[in-house]
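Open the model in your viewer and keep the selection panel at hand.

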There are 2 protein chains.
Amino acid sequence: MFSKLCDTGAMSASSLRARVRSEMHQEIKEVARRHLAAEGANLSLRAVARDMGIVPSALYRYFPGRDALLTALIVDAYEGLGAAATDAEAAVPREDLRGRWFAVCRAVRSWALAHPAEYGLIYGNPVPGYVAPQETVVPAAKVVLLLAAVGRDIPGDALPAGPPVPEPVRADLRRLIDERPGDLPEERLDRVFAAWTHLFGLVSFEVFGRLDTIIVARAEYFEHHVALLADLAGLP
Amino acid sequence: MFSKLCDTGAMSASSLRARVRSEMHQEIKEVARRHLAAEGANLSLRAVARDMGIVPSALYRYFPGRDALLTALIVDAYEGLGAAATDAEAAVPREDLRGRWFAVCRAVRSWALAHPAEYGLIYGNPVPGYVAPQETVVPAAKVVLLLAAVGRDIPGDALPAGPPVPEPVRADLRRLIDERPGDLPEERLDRVFAAWTHLFGLVSFEVFGRLDTIIVARAEYFEHHVALLADLAGLP
DNA sequence: GGTCGTCAAGAACACTGTTCTCGTCGAGTT
DNA sequence: AACTCGACGAGAACAGTGTTCTTGACGACC
């Protein structure tokens, strides 16, 4: 029988089992995260098992294989980044549009700098045979949705001048707008996408060390370019 | 004695040896590139050796180890990308600034889409223990230097309005301008950097599959955003 | 109390990067 | 022309990896 379905009589014992199992899951991921931060993307199951004082094959009771563990870490990373951005944005008064915009961008940068290995896992090289499972697409879209939400709250249709959006791109944007309940104009969504791309370009360059020898005032550099993007997206 | 120092008498034989050795180098890298494209970042020396019909230890006659082979591939990738951008830009009349700008950006995208694994090698996750050797910094800077060269050729100091560049960032930009002979204004170099960041954000998103389900008109999307950036950088 | 599922251990397999030794063969020197 | 020395490739070996299978043991349920 499935222990999840057992009734309330022996529920406490069964849920204790489930709880210790869940804690084991968490501990494995925790140790794996430490190894990821120390060693980079090539995570060793045996090393994780060694750190936990168990034998490698014991890990297979909790994860079907290395890829599954990596997937779990990837999902956690997306959710961590999404949560950081969501919390930061939620702490700003709704009418302070520029404040919300900056809060999202700063949260992404801070989280990425605090968790470089996990950031690399989700925004770096896609791993070889790995295909993103369905459960990653929702958390992965969180940041751009937050930016789009700020863009939607901007009153009016005013935007800084720029080249017209070509029709095929317009069609893509229209489709995306129709899929979601939001109703922001296509031109503004286009600018939000530009900001989204630029934001992660900025963060990736910094996290991956590409600014190391050319920009030392990284925080100011980031703030300034986020301001540039906010203007481009039509924020007041 | 060092065969490189032998005089012209036996030079032909010696250079023949050197030539076959260099060809071996090239062939190893070629096979490794194929494996990289097929398998992703985890390159197997033994698989490369198997494909070449030699024993794994024989590879160590040509490369001190796996990291050295990877480094060689990275250097080649930087140089390939840089050469593609340079050639494309050189084919445009000097006075067609916008044409040169677009040529660089399109070349980067084309090269990246044609060599996704190598692009991932240089613009994705930095590999774990690997530190970029000195020989990579010059080819790595090629693209941004090309963009800066176009920016320098723009007559006048006119730029679309935007937030002021903060002083610490200004200092970084001033230092970079002083190091190189170019003399473009700091504000413009700042916009060039914005375009550089956005360009690679755009290309990385596309190559790494992040646009897969949201934008189908990728070429038009790219062109449009490059135009947006060209405007922002002050191109006429 | 008996039965069954879960857990950890251990051994095993195939694979990896790397090092070492050992013949072989060709070019340079005397 | 004989000798020497270097480069070359093969092969074995070592340590490490992901993964699978089997074997006991222990706790929860009928």
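Copies are superposed here by least squares on the C-alpha atoms of residues with pLDDT of at least 70 in both. This is a predicted model, in which local features need pLDDT of at least 70, side-chain atom pairs count only at pLDDT 80 or more, and totals for chains, interfaces and linings use all residues. Residues are numbered from 1 along each chain as its sequence is written, chains are lettered from A and ligands numbered from 1 in the order in which they are written, and side-chain values use heavy atoms, with hydrogens and water left out.

**Stop 1: the two chains**

Select chains A and B. A rotation of 180 degrees, with 0.0 Å of shift along its axis, places chain A on chain B at an RMSD of 0.0 Å. The two copies are thus related as by a two-fold rotation axis. Next, colour the interface (contact means heavy atoms within 4.5 Å). Of the interface residues of chain A, 100% are also interface residues in chain B, so the copies meet through the same surface.

**Stop 2: DNA strand C**

Sugar and phosphate make up 51% of the atoms of DNA strand C that come within 4 Å of the protein.

Which elements supply at least two residues each of this surface? They are α1 (11–39) of chain A and, from chain B, α2 (45–52) and α3 (56–59); helices are DSSP runs (H or I, at least four residues), numbered from the N terminus. The largest share, three residues, comes from α2(B). By class, the surface near DNA strand C has nine nonpolar, four polar and seven charged residues. In this scheme Ala, Val, Leu, Ile, Met, Phe, Trp, Tyr, Cys and Pro count as nonpolar, Asp, Glu, Lys and Arg as charged, and the others, Gly among them, as polar.

Now show backbone atoms and phosphate oxygens of DNA strand C.

- B:L45: a polar backbone atom is 2.4 Å from a phosphate oxygen.
- B:R66: a backbone N or O atom lies 2.7 Å from a phosphate oxygen.
- A:V55: a backbone N or O atom lies 3.1 Å from a phosphate oxygen.

**Stop 3: the second largest pocket**

On a 1 Å grid over the protein atoms alone, a pocket is an open set of points with protein on both sides within 12 Å along at least five of seven lines, a cavity is a set where a 1.4 Å probe fits but cannot get out, and lining residues have an atom within 4 Å of a point. Grid points are joined across faces, edges and corners, and a volume is the space filled by probe spheres set on the points.

The second largest pocket has a volume of about 1,200 Å³. Select A:V137, A:A140, A:A141, B:R210 and B:T213, the closest to its centre of the 40 lining residues. Elements giving two or more residues to this lining include α3 (66–90) and α9 (186–207) of chain A. The largest share, five residues, comes from α7(A). The lining of the second largest pocket has 28 nonpolar, seven polar and five charged residues.

**Stop 4: the cavities**

There are three cavities of 30 Å³ or more. The largest cavity holds about 150 Å³. Of its 14 lining residues, A:Y123, A:F200, A:S204, B:Y123 and B:S204 are the closest to its centre.

Finish at the second largest cavity, about 40 Å³. Select A:I28, A:L45, A:L59, A:Y60, A:F63, A:G65, A:R66 and A:L69, which line the second largest cavity.

Methods:
A residue is near a molecule or strand if one of its heavy atoms lies within 4 Å of it. A polar contact is a pair of N or O atoms within 3.5 Å; within protein, one must be able to donate a hydrogen and the other to accept it, and residues adjacent in sequence count only if both atoms are side-chain atoms.
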